[in-house]
Amino acid sequence: MFSSLRARLWLSYALVIVAALLLTVVVLALYLLRSPLAYRSTLLELEAARNVLIASQPDLSSLSGVKLESTLKTYDQALGVRLVLLGDKRQVLADSRIGAEAPIVAPRRFQILQPTIGLRDESGENWLYVAEALPEGRTLLLLTPRPRLPLLTILRNDLFLPFVYAGALALALSLFVAFGLARWIGNPLQALVSASRQMPETRPLALRGPREVQELTGAFNEMSARVNATQKAQREFVANVSHELKTPITSIQGFAQAMQDGTADTPEARQQAASVIQQESGRMYRMVLDLLDLARLDSGTLDLERVPVDVPALLNSVAEKFTPQARTAGVSIQVVTPPLPSVIGDGDRLAQVFSNLVDNALKYSPTGGSITLSASADASRIQVAVVDTGKGIPREAQPYIFERFYQADPSRPGGKKHGAGLGLAIVQEIVRAHGGTISVRSNPGEGSTFAVSLPITRSDDTTAISKRKK
Ligand code: ADP
């Protein structure tokens, strides 16, 4: 019933208001009960009676016994106040109402500062009093019963209605405030609810309401922007994969058809058709392997070894592997590196990184070009540079070449050189998984430099390889 923010706010306001009003009533009642003001007129009457008594100069010290009591009784009847004479040790010597009222409990000290507290008699009744010191240490007390304050009557007649009005007004006001406050907090939250229901088709929400709600809205905006970006990337990815598979499948289909319907009727034509089919299916296979690698790197399920890797040795073996290919292309390959500390990582995957970079360098270097693999180290990292003297990368393409399926020159004809634009994406993921970075510098027409930086880590360091993408 009270599950909504509005109802709960109002309920809590109502509770606070009722509690505050009750507390005020109680405090007010206590104050009234103890207030000297309430007994002031009675005390004044007592003092007036004392003044009259003193003015008549009664000779109380010479009297005693029955005579004394009858004198006190006479004054009592005349003044309408009880009179009690105390001896020098505060013992009761005479009482004008002896027998008629319960005896007074004589005080040890007189309350001067709080005369309203009064004295008690033996039956527990309270008496207000004034005292008059007499010769020989005697004291005359003038007493009158402490009037009972009609507290309930005061509360009922004078205070009840104002309190009810104040309470009703405060409750109405609290309803108003609770309503406004609930709108202030609730509306942006409601907007968040409907925006999350419409995900991913949401626009960024305006930051409204209290700071905490604004932070929540900000976080939601960031999250929905990320979800949108991921979905866009996924859509593009699927479109790219389909596009990249379409070309080889079309040519496989075409050549298979030609073999089947006899268009390729000579042994040479059949041989050529079979070789195109083999080439294209090989390309598809490599692309699928690349995609699998990327998927595993993305999900963190690619098992990377963590062993010390000797980078100079690794670079030498990569260069050696490409030497025959480079010789055929008329390109020279050299490795320039001093002995270096090991990095912790997966040797095969790091070899894949540098093979990919050298493969690209070879693909885009003209005859007579050169490729240099160099490495150096500082206190915490090893830097490897793969420098070629090839055609370079257009400046506007450089920020994108590590993106999946990006090809700086998509108009390239097919054939051996044609990749799917996945090589550098994989290279970047492997380098990142080793806690490293990769960057490119290239002057079109002069060549390109790919710089890989890998952290040097101890063999027992568990952070050397990060399994998951940040
Ligand atoms: P691909 O498999 O298509 O080569 P990559 O991801 O390896 O894809 O490279 C992306 C793009 O970057 C390539 O299409 C190419 O245009 C450009 N590129 C990469 N390396 C070089 C290089 N050494 N020289 C010139 N262009 C390069």
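Hi everyone, a definition to begin with: a polar contact is a pair of N or O atoms within 3.5 Å, and within protein one atom must be able to donate a hydrogen and the other to accept it, while residues adjacent in sequence count only if both atoms are side-chain atoms.

What you see above is a predicted model, where local features need pLDDT of at least 70 and side-chain atom pairs count only at pLDDT 80 or more, while totals for chains, interfaces and linings use all residues. Residues are numbered from 1 along each chain as its sequence is written, and side-chain values use heavy atoms, with hydrogens and water left out.

Let's start with the ligand. A backbone N or O atom of L424 lies 2.8 Å from a ligand oxygen. A ligand nitrogen sits 2.9 Å from a side-chain N or O atom of D388, and for the side chain of Y364 the distance to a ligand oxygen is 3.3 Å. How much of the ligand does the protein bury? Taken alone the ligand exposes 530 Å², and 97% of that is buried by the protein; these areas come from the Shrake-Rupley method with a 1.4 Å probe.

Around the ligand there are 21 residues, and N360, D388, A408, G421 and L424 come nearest; a residue counts here if one of its heavy atoms lies within 4 Å. The largest share of this shell, 3 residues, comes from α8, helices being DSSP runs (H or I) of at least four residues, numbered from the N terminus.

Now the domains, whose bounds come from an automatic or database assignment. The chain divides into domain 1 (5-34 + 158-194), domain 2 (36-152), domain 3 (212-299) and domain 4 (307-469). Between the C-alpha centres of domain 2 and domain 3 there are 113 Å.

Where does the second largest pocket lie? Domains 3 and 4 both give residues to its lining, so the pocket lies between them. Helix α5 gives the most, 10 residues.

Definitions and conventions: Helices (H or I, at least four residues) and strands (E, at least two) are DSSP runs, numbered from the N terminus.
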